[in-house]
Amino acid sequence: MQVMIETESLTKIYYADGREIHAVDDLYLKVFEGEIFGYLGPNGSGKTTTILMLLGLIQPTSGDGWVGGYNIIRESRKIRGIAGYIPERYSFYYNLSAYRNLEYFAKLNHLSGNEIKERIERSIEIVGLNDWINTPVGAFSRGMKQRLALANILIRNPKIIFLDEPTVGLDPKSKADFRELIKRLNREFNLTIFLSSHMLHEVKELCHRIGFLNKGKLIAVDTVESFMGKMGYKIILEVTDLDDKLIDALNEIGDISKIKIDDGRLIIYSGRDIRLEISRKVAEMNRYILTLTLEPPTLEEIFFNIYGE
Ligand SMILES: Nc1ncnc2c1ncn2[C@@H]1O[C@H](COP(=O)(O)OP(=O)(O)O)[C@@H](O)[C@H]1O
Ligand SMILES: [Mg+2]
């Protein structure tokens with residue numbers, strides 16, 4: 001497999017109010033060509049800072065890195081030639097149509113001539129906005145703007161795209177559509193995708209591998225299956241007569257990684273959905289279920305359960 005992104009002890013320290021902020025701390029990262037890589041971490045953990053360094057938009061304090069074989073310090077212009085980037089916040093001209101917006105940005109990027117029209121139309125087609133090509137962007141939903149932002153970077157046929165928190169602010173249907181689109185781009189064009197998020201359950205179906213970032217440090221990198229196998233399900237159980245006997249009985253069910261008592265309820269973390277086994281055990285013990293629900297665990301919970309403090 002070809003390496004698409006590699007970093008060596010990449011570090012960024014900001015100085016603010018006489019304080020040092022280690023935004024990215026001694027990062028060793030490898031992302032392969034054709035991969036969808038999820039870069040997960042809570043707010044302030046250094047995701048955006050990492051992306052900006054990889055694109056050569058800010059300078060590292062120390063360490064080094066390569067994207068598509070180009071060095072992030074000396075060859076960042078070449079990186080920006082092969083990489084597309086959708087920042088957390090971006091804007092379009094609301095009174096201009098989808099087409100005119102993309103044309104405007106294409107011209108800013110020194111694309112010109114006859115190919116421009118063809119490329120814009122093709123990109124808009126790929127993201128499924130052909131019916132709105134002449135509609136002013138002001139009438140677009142958040143999900144449509146996100147797809148237009150993708151079309152905007154596809155015009156230049158990137159090898160890799162960086163998406164910074166792409167699902168924030170989208171409704172559930174747009175999130176699902178967006179994930180499908182990303183999967184398709186990855187499959188059809190062998191596009192490498194580097195995607196940051198603070199919501200594990202939103203990207204788990206999308207990413208091949210995930211890296212967990214905490215306070216600028218990469219604390220684990222693994223496949224999604226492996227993370228989910230440890231901690232992917234959180235089940236909340238409320239029963240009559242909660243006691244140690246019941247907890248011991250529940251622990252006989254395989255794949256439970258942790259049971260916590262929280263305000264009279266049990267919170268059970270497991271590698272799979274074991275609600276059926278739980279309800280059987282509770283019945284066997286002659287207790288009654290008051291609540292039995294499945295929730296996605298938060299990123300913080302997974303961090304905490306796998307890696308302790
Ligand atoms: N330009 C800046 N000056 C000072 N501190 C910054 C700057 N940009 C980011 N930081 C700090 O660096 C840390 C990482 O920020 P960021 O990379 O934006 O995290 P994330 O994208 O994961 O939310 C945070 O503590 C943030 O406050
Ligand atoms: Mg960020």
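This is a predicted model: local features need pLDDT of at least 70, side-chain atom pairs count only at pLDDT 80 or more; totals for chains, interfaces and linings use all residues.

Residues are numbered from 1 along each chain as its sequence is written, while chains are lettered from A and ligands numbered from 1 in the order in which they are written.

Now select 98–108, which is helix 3; its axis and that of helix 5 come within 10 Å and cross at roughly 40°. Helices (H or I, at least four residues) and strands (E, at least two) are DSSP runs, numbered from the N terminus. Axes are lines fitted to C-alpha atoms, for helices over the stretch in contact, and angles run from 0 to 180 degrees between N-to-C directions.

Which residues of helix 3 make the contact? Show Ala 98, Asn 101, Leu 102 and Phe 105, facing Leu 148, Ala 151 and Asn 152 of helix 5. Contact means C-beta atoms, placed from the backbone, within 7 Å.

Next, the sheet: six strands, open, in the order 6-7-8-3-9-10, with mixed pairing. Two strands pair if DSSP finds at least two bridges between them. Select 83–86 and 217–223: strands 6 and 10 stand at the edges with a single partner strand each, so one side of each has no neighbour in the sheet.

Last stop: strand 9 (209–214) pairs with strand 10 in the antiparallel sense over six bridges. Pick Gly 211 and you'll find its bridge partner, Val 221, in strand 10.

Terms used
Two residues are in contact if their C-beta atoms, placed from the backbone, lie within 7 Å.
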